[in-house]
Amino acid sequence: GEDPAILDIFARIKKVAATDSTVLITGESGTGKELFAGAIHVQSSRSAQRYITLDCSTLSTSLLESELFGHVKGAFTGATRDKQGIFGIADHGTLFLDELANLNPEIQSKLLRVMETREYKPVGGTRTLKTDVRIVAATNRDLSELVEDGSFREDLYYRLNVFPIHIPPLRDRKEDIPRLAYHFLRLFCKQTGKQIEGFSDDALSALIDHPWPGNVRQLKNSIERLVIMADHTYLDRETLATLNQAKSKSDIPAPDRIPETLEDLKAIKKDFLDNIFGRMEKNFLTKALDDCQGNITHAPKKVGMQRSNFSALMKKHGISADNQ
């Protein structure tokens with residue numbers, strides 16, 4: 001990108017990468033926080049060492065503690081041998097903690113201790129181990145608000161917020177959309193073997209005008225789907241219709257007549273559920289999967305549904321996570 005905000009981020013990354021300072025990357029889901037974290041590691045003096053990423057929202061508290069700090073044999077049921085934790089594996093390297101806001105108070109306390117003393121104990125262990133790990137953390141939530149409501153430790157927040165970097169949403173840097181769109185177009189043409197030269201003017205305008213709530217990740221997934229669906233050497237606005245973008249409320253047609261009987265009312269209701277609401281329901285599922293890169297575990301959590309119910313709706317509409 002060439003948006004001034006992105007160019008400023010590049011410059012800030014170049015400066016902080018040369019240090020061992022902790023970096024806190026904030027921004028909406030899909031803005032590319034992990035990509036920027038990787039850039040910090042690559043440009044650092046630790047680039048030849050391990051770079052490990054951990055999504056803090058995917059593991060239970062007990063599993064997360066074991067994953068971070070390791071455990072000793074017999075520490076809990078199933079611990080049949082000693083296991084080294086990430087803080088041991090990533091020693092002298094970089095640890096990227098994604099979705100840090102999901103850590104519970106107990107893990108927050110132990111993480112703070114590691115950051116302050118560079119020491120930790122494996123689960124069930126008595127021996128203190130040392131580590132030299134650079135931490136880059138990311139979250140799509142406002143940690144200062146979580147501090148105010150008491151769900152995130154204030155001292156940990158200040159320990160993490162040494163060098164903050166905020167990634168702007170894609171809608172705030174629209175001039176970068178064509179560059180990103182062509183980048184992803186070349187990427188997926190190479191993967192699929194298709195020869196697509198570019199976008200028509202009206203298609204590119206439509207991409208620029210779209211709000212992209214899922215940010216760069218959603219744009220990437222959408223371009224991949226467009227490449228798969230394309231039958232021509234140029235992607236036009238008609239091809240963009242395959243994105244199944246959700247319609248606004250004003251696009252929902254009203255019944256052309258008032259029902260006169262209960263059977264009429266039921267028929268209109270069925271037609272509405274099958275067509276208007278059904279289409280909206282399918283778009284809802286597609287967007288949730290787009291925003292989570294097709295991850296069937298994360299998508300239901302993001303929209304507040306049980307995974308079983310989400311999967312049932314996917315089956316109903318013939319949606320496969322593999323196609324997202």
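Is Asp 291 buried or exposed? Asp 291 is buried, at a relative accessible area of 3%. The model is a predicted one. Its salt bridges number 16.

**Within a helix: Lys 287 and Asp 291**
- Lys 287 and Asp 291 form a salt bridge, with the closest N and O atoms 2.7 Å apart.
- Both residues belong to helix 12 (residues 262-291); they are four residues apart, so about one helical turn separates them.
- Lys 287 is partly exposed, with a relative accessible area of 34%, whereas Asp 291 is buried.

**Between loops: Asp 20 and Arg 46**
- Asp 20 pairs with Arg 46 in a salt bridge, and their closest N and O atoms are 3.0 Å apart.
- Asp 20 sits in the loop between helix 1 (4-17) and strand 1 (23-26), and Arg 46 in the loop between helix 2 (33-42) and strand 2 (51-55), so the contact ties together parts 26 residues apart in sequence.
- Asp 20 is partly exposed, at 43% relative accessible area.
- Arg 46 counts as buried, at 5% relative accessibility.

**A network**
- Asp 20 and Arg 46 also belong to a network of salt bridges that links them with Arg 118 and Asp 132.

**Between strands: Lys 130 and Glu 119**
- The side chains of Lys 130 and Glu 119 form a salt bridge, at 2.7 Å from N to O.
- Lys 130 lies in strand 7 (residues 129-130) and Glu 119 in strand 6 (residues 119-120); the pair, eleven residues apart, links distant parts of the chain.
- Lys 130 is exposed, with a relative accessible area of 61%.

Conventions:
Residues numbered from 1 in each chain as written. Predicted model: local features only at pLDDT ≥ 70, side-chain atom pairs only at ≥ 80, totals over all residues. Heavy atoms only, no water. Salt bridge = Lys/Arg side-chain N within 4 Å of Asp/Glu carboxyl O. Helix = DSSP H or I, 4+ residues; strand = E, 2+ residues; numbered from the N terminus. Buried < 20%, exposed > 50% of the residue type's maximum accessible area, 1.4 Å probe, protein only.
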